[in-house]
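Open the model in your viewer and switch to a cartoon view. The tour goes stop by stop.

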Amino acid sequence: MNDSSWGAPAGSGRGGPDQGPVPAGPAHDRHGAPQTRPMPIVPDVPAGGFQDDHGRGAAHPSGPLFRDETPHEHPQEPMPSPTPPPPSGPPSEPRQKKSAGRDLGAAIGVGVGLGVVIIASLFWKPAFVGVLVVAVVVGLWELTSRLQERKAIKAPLVPLAVGGAAMVVAGYLRGAEGAWVAMALTALAVLVWRMTEPPEGYLRDVTAGVFAAFYVPFLATFVALLLAADDGPQRVLTFLLLTVVSDTGAYAIGWRFGKHKLAPRISPGKTREGLVGAVTFAMAAGALCMQFLIDDGVWWQGLVLGLAVAASATLGDLGESMIKRDLGIKDMGTLLPGHGGIMDRLDSLLPTAPVVWLLLALFVGTG
C-alpha cells in the first residue's frame, strides 16, 4: 500500500492529485486504520458547537440540535419533546362561592351580645345614656388613633372625650340647645389644648379635632334626644331596628343578586341591587314600627322613614369607607371580632340618628 492512498503528504494541507481542498473540520478516520500523519488543524468551535460521536469538536452552522433541525438530521440523538411554557399568571383555582369576608360566627355572636346589652339598657334610660357615652369615647379613641398612626394628625383625645361625654348628657338633659352649647365648648377646648404643643401642624390637628367632635359625639347626641321623649325607648328601638334591617337587607340582596356596583371607587362591595334591598327592607320595617311602636304613628309615615333611613345609612357607610380608604385601612379597630371596631358599627348609625329624630319630630312631635 503506497502513501498516495492516504492523501497528501504530511503538512501539505491538500489531498491527492484527484482530490480538491480538504474542508475545514476534523478528519473522520477509518475504523481500525492507523494514522501516519498529523491531523489538519481544526478551527476553534464557536459557542453553540457540538461534539461528534467520538468526543471531537466539530463545526456546525447551527449548533447542537437546534430547534430548526429535524430528527432525520441527527437520528442518533432524539429530539427532546417541547416543554410547554409555564402559565404567565397564578394557577387558576376552582371557583368558590361568595364569601362574606369575615368570621360570620363571631360577627353573629358579637352582634347578638351588643343587641342584648342595648335592649336591656333601654329599660332604664340613664343606663342607656351610659352605654352611649362609652360608645362615643371608644369611637373617638379609635378615630384619633388611626389619624395619628396613618396621617400623623394629633387630634387631642382628652378634650374630645370629655366634651363628647358632656354633649351626650347635655342633649339628654337639656335638649338640642344643651347639645349645641356642649359642642361649641368642646371645639374651644380642642383649640386651647393643642396650644400646649409646638405650632407646627396646629391648624391640621385642631381641624381634625373639630371634625371628630362633630362626627362622633355630636351626631350621637341625637340618639339621646330620641331617648328623652316620653316614648324614648320605643323611638330608639325604632331607630336601631330600621338601621340594622337596612344594613341586613343590603347585605342579603347584594350578596345574592348584586351585579352592578354602586360606588366601586369608594366601596367595591356595595351594589345597586343591595341598595334596593336596603330600601325595601327598611320601608317594610318602618311601616311596622310606626304602626305598632310609636305613639300616634301611621304606617305610611313608616314608609317615608324607612326610605330616609336606607339612604342615610348607605351614605354614612360610604362616608366612613372614604375615610378608611384615605387612611389606607380596612377597619377602624379590632375591638369587636367579626365587626372590626366600634366605629365600624357606628358608621351607618351616626348619620341616621338626626334623620330619624327630625322625621319623628315632624310626624309625632318631640314628645
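Start with two helices. Select helix 4 and helix 5 (residues 232-257): their axes lie 7 Å apart, and the helices pack at an angle of about 140 degrees. This is a predicted model. Helix 4 and helix 5 are therefore oblique to each other, because angles over 145 degrees would be needed to count as roughly antiparallel.

Now show the side chains where these two helices meet. On helix 4, pick V223, L226 and L227; on helix 5, pick G232, P233, R235, V236 and F239. By class, the contact of helix 4 with helix 5 has six nonpolar, one polar and one charged residues.

The axes of helix 3 and helix 4 come within 9 Å and cross at roughly 170 degrees. The two helices are therefore roughly antiparallel to each other. In their contact, count 22 nonpolar, six polar and two charged residues.

Stay on helix 4 and turn to the rings. The model has six aromatic pairs. Select F214 and F218. Their ring centres are 5.5 Å apart and their planes sit at 25 degrees, so the pair is stacked. Both residues belong to helix 4 (residues 202-227), four residues apart, about one turn of the helix.

Are the two partners buried or exposed? F214 is partly exposed, with a relative accessible area of 40%. F218 is buried, at a relative accessible area of 5%.

Jump to another pair: W300 and F363. Here the ring centres are 5.9 Å apart and the planes are at 70 degrees, so this pair is edge-to-face. The pair links distant parts of the chain, 63 residues apart: W300 is in helix 7 (residues 299-327), and F363 is in helix 9 (residues 349-364). Colour both by accessibility. W300 is partly exposed, with a relative accessible area of 43%. F363 also counts as partly exposed, at 22% relative accessibility.

One last stop. Select R256 and F257. Which part of R256 sits over the ring of F257? It is the charged end of R256, 5.1 Å from the centre of the F257 ring.

Terms used: Residues are numbered from 1 along each chain as its sequence is written. This is a predicted model: local features need pLDDT of at least 70, side-chain atom pairs count only at pLDDT 80 or more; totals for chains, interfaces and linings use all residues. Side-chain values use heavy atoms; hydrogens and water are left out. Rings of Phe, Tyr and Trp (its six-membered ring) pair if their centres lie within 6.5 Å; planes under 30 degrees apart count as stacked, over 60 as edge-to-face and the rest as tilted. Buried means under 20% relative accessible area, exposed over 50%, partly exposed in between (1.4 Å probe, protein chains only). A charge sits over a ring if NZ of Lys or CZ of Arg is within 6 Å of the ring centre and within 35 degrees of the ring normal. Axes are lines fitted to C-alpha atoms, for helices over the stretch in contact, and angles run from 0 to 180 degrees between N-to-C directions. Angles under 35 degrees count as roughly parallel, over 145 as roughly antiparallel, 65 to 115 as roughly perpendicular and the rest as oblique. Ala, Val, Leu, Ile, Met, Phe, Trp, Tyr, Cys and Pro count as nonpolar, Asp, Glu, Lys and Arg as charged, and the others, Gly among them, as polar. Contact means heavy atoms within 4.5 Å.
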